[in-house]
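Dear colleague,

I am handing over the structure that you will be working with, and below it I have written out what was found in it. Please keep the model open beside this message while you read.

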Amino acid sequence: MINRTTTIHSGIQPTYIFVKNKIISMNFIVSSASLLKQLSLIQGVLNSSNTLPILDNFLFEIKDTQLKVSASDLETTMSSKLPVESKEDGLVAIPAKMLIDILKNLSDHPIKFSVDKGNFQIEISSDYGKYKLSGHSGEEFPKVPEIDQTNSLTLPSEIISRAINKSLFAAGNDELRPVMSGVFCELNDDNLTFVATDAHKLVRYRRLDAKSANSTSFILPSKPLNLLKNCLSSYPETTVEYNQNNAFFTIGDIHLVCRLVEGKYPNYEAVIPKENPNKLTIDRSLLLNSVKRVSIFANKTTHQVNLKLAGSSLNISAEDLDFANKADEKLTCSYSGEDMEIGFNSKFLIEMLNNIDTDEVSIEMSDPSRAGIILPESTETFNEDILMLVMPVMVN
């Protein structure tokens with residue numbers, strides 16, 4: 001047996017053990033803070049309970065002094081890369097929760113990983129001491145789907161970020177209707193459209209300054225979109241590749257692949273009323289704060305608030321008969337149309353008003369039994385088209 005020690009500038013000396021020229025121990029040195037940062041970006045993929053124990057681990061794969069760390073739940077796999085000091089390639093699965101916990105409690109300094117390739121025992125050495133834990137063979141980790149027969153486009157990350165933020169909150173979470181649990185993406189040669197709905201509310205977000213050479217549509221699940229939100233601000237551009245089954249996102253050194261939601265998305269255009277002669281225009285913050293106050297007194301099951309419109313007066317009210325709670329506010333607005341009273345779920349109104357950036361909003365309606373359309377009165381950019389729809393609640 002030959003022992004060879006190589007001095008690393010960090011001061012920690014990794015030992016490479018050879019038996020008849022075959023390495024049986026894998027060692028590498030990495031910054032604890034850099035590793036924690038990358039693991040924190042991908043740990044959202046992990047589920048609290050998994051059918052496969054290997055999914056409770058991060059996969060560490062070293063190739064050419066680059067460490068690739070990955071997490072997977074079978075439907076979504078996310079990985080990131082960072083440089084390490086190492087003389088060899090290799091892979092190992094490391095328990096995720098235990099590793100995150102120890103890294104959170106270390107100050108920023110180089111740490112050394114020593115992995116026994118025979119039994120996958122892992123020793124972590126830091127300035128404070130040594131920590132041992134049991135790993136697993138990296139070969140047990142799920143394989144990432146191959147990128148084949150894909151189309152691709154590269155977009156400014158800001159466009160994808162705004163599309164997610166403006167639409168995702170309206171997606172459903174009903175397991176019986178999985179097609180509504182994500183965001184429907186329509187790629188066209190003159191615009192990109194993102195739609196989310198749970199059958200009670202709907203958002204259509206359209207970008208006129210982005211386009212795709214190949215017209216297609218698919219449904220992206222909510223979980224990977226939530227994960228993407230945390231990464232997009234770090235890089236100016238994002239590459240999106242897709243085929244019939246999967247979507248692949250590359251954002252700098254971060255890579256995410258997710259399985260597309262199967263099924264046919266509802267015809268969302270059919271539920272958007274085309275004729276809405278009654279139009280309310282009002283200061284967004286004024287309306288938002290009023291609905292927040294009045295909704296405190298609403299029924300806790302329906303969250304219903306009523307909007308009564310007459311001339312330039314808007315009356316917002318809510319009542320909970322079970323507890324004798326009642327609230328009533330009057331606001332000045334601009335309104336054109338017939339006098340009417342319509343009820344909405346206050347939680348939906350608050351969500352939508354919080355996701356509009358303009359100073360004023362308009363609510364277009366046809367009658368109390370049909371959906372109301374909420375629009376920004378003026379857009380920040382002429383290349384952005386936002387439409388929000390909320391279904392009414394029967395006025396008592």
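Before the strands are described, one term is needed: two strands are said to pair if DSSP finds at least two bridges between them. Please also keep in mind throughout that this is a predicted model.

With that term in hand, you can turn to strand S23, residues 313–320, which is joined to S24 by 8 bridges, the two strands running antiparallel. Within this pairing, Ile316 stands opposite Glu329 in S24. Helix H5, which covers residues 284–295, packs on the sheet and touches strand S22 (304–310) as well as S23 and S24, and its direction makes about 165 degrees with that of S24.

The sheet as a whole is open and has 5 strands, which follow the order S24-S23-S22-S26-S30 with antiparallel pairing. Its edge strands are S24 (325–332) and S30 (392–393), each of which pairs on one side only. A further helix, H6 (residues 346–354), lies across S22 and strand S26 (340–345), and it runs at about 85 degrees to S26.

There is also an open sheet of 4 strands, with antiparallel pairing and the order S4-S9-S10-S11. Why is one side of strand S4 and of strand S11 left without a neighbour in the sheet? Strand S4 (25–31) and strand S11 (130–134) stand at the edges and have a single partner strand each, so one side of each has no neighbour there. On average, and with direction ignored, neighbouring strands of this sheet are turned by 20 degrees against each other. Helix H1, residues 32–42, lies across S4 and strand S9 (110–116), running at about 90 degrees to S4.

The next topic is empty space inside the model. Rolling a probe the size of a water molecule over the atoms shows where such space is left. A search of the whole structure finds 2 cavities of 30 Å³ or more, and the largest cavity holds about 180 Å³ of space. Its lining is made up of 16 residues, and those nearest its centre are Ile160, Cys185, Phe194, Leu220 and Phe249. Which kinds of residue form the lining of the largest cavity? They divide into 15 nonpolar and 1 polar, with no charged residue.

Several elements contribute to this lining: strand S13 (151–156), helix H3 (157–167), strand S14 (182–187), strand S17 (216–221) and helix H4 (222–229) each supply at least two residues. The largest share, 4 residues, comes from H3.

Two of these elements can be followed further. Strand S13 pairs with strand S18 (residues 237–242) in the antiparallel sense over 6 bridges, and Leu153 stands opposite Val240 in S18. S18 in turn pairs with strand S19 (residues 246–251), again in the antiparallel sense, over 4 bridges, and these two strands form a hairpin with 3 residues between them. In S19, Ala247 is the bridge partner of Tyr242.

In helix H4, Ser222, Pro224, Leu225, Leu227 and Leu228 are buried. What covers these buried residues includes strand S7 (76–83), H3, S14, S17, S19 and strand S20 (254–259).

With best wishes

Definitions and conventions: Residues are numbered from 1 along each chain as its sequence is written. This is a predicted model: local features need pLDDT of at least 70, side-chain atom pairs count only at pLDDT 80 or more; totals for chains, interfaces and linings use all residues. Side-chain values use heavy atoms; hydrogens and water are left out. Contact means heavy atoms within 4.5 Å. Axes are lines fitted to C-alpha atoms, for helices over the stretch in contact, and angles run from 0 to 180 degrees between N-to-C directions. On a 1 Å grid over the protein atoms alone, a cavity is a set of points where a 1.4 Å probe fits but cannot get out, and a pocket is an open set with protein on both sides within 12 Å along at least five of seven lines; lining residues have an atom within 4 Å of a point. Grid points are joined across faces, edges and corners, and a volume is the space filled by probe spheres set on the points. Ala, Val, Leu, Ile, Met, Phe, Trp, Tyr, Cys and Pro count as nonpolar, Asp, Glu, Lys and Arg as charged, and the others, Gly among them, as polar. Buried means under 20% relative accessible area, exposed over 50%, partly exposed in between (1.4 Å probe, protein chains only).
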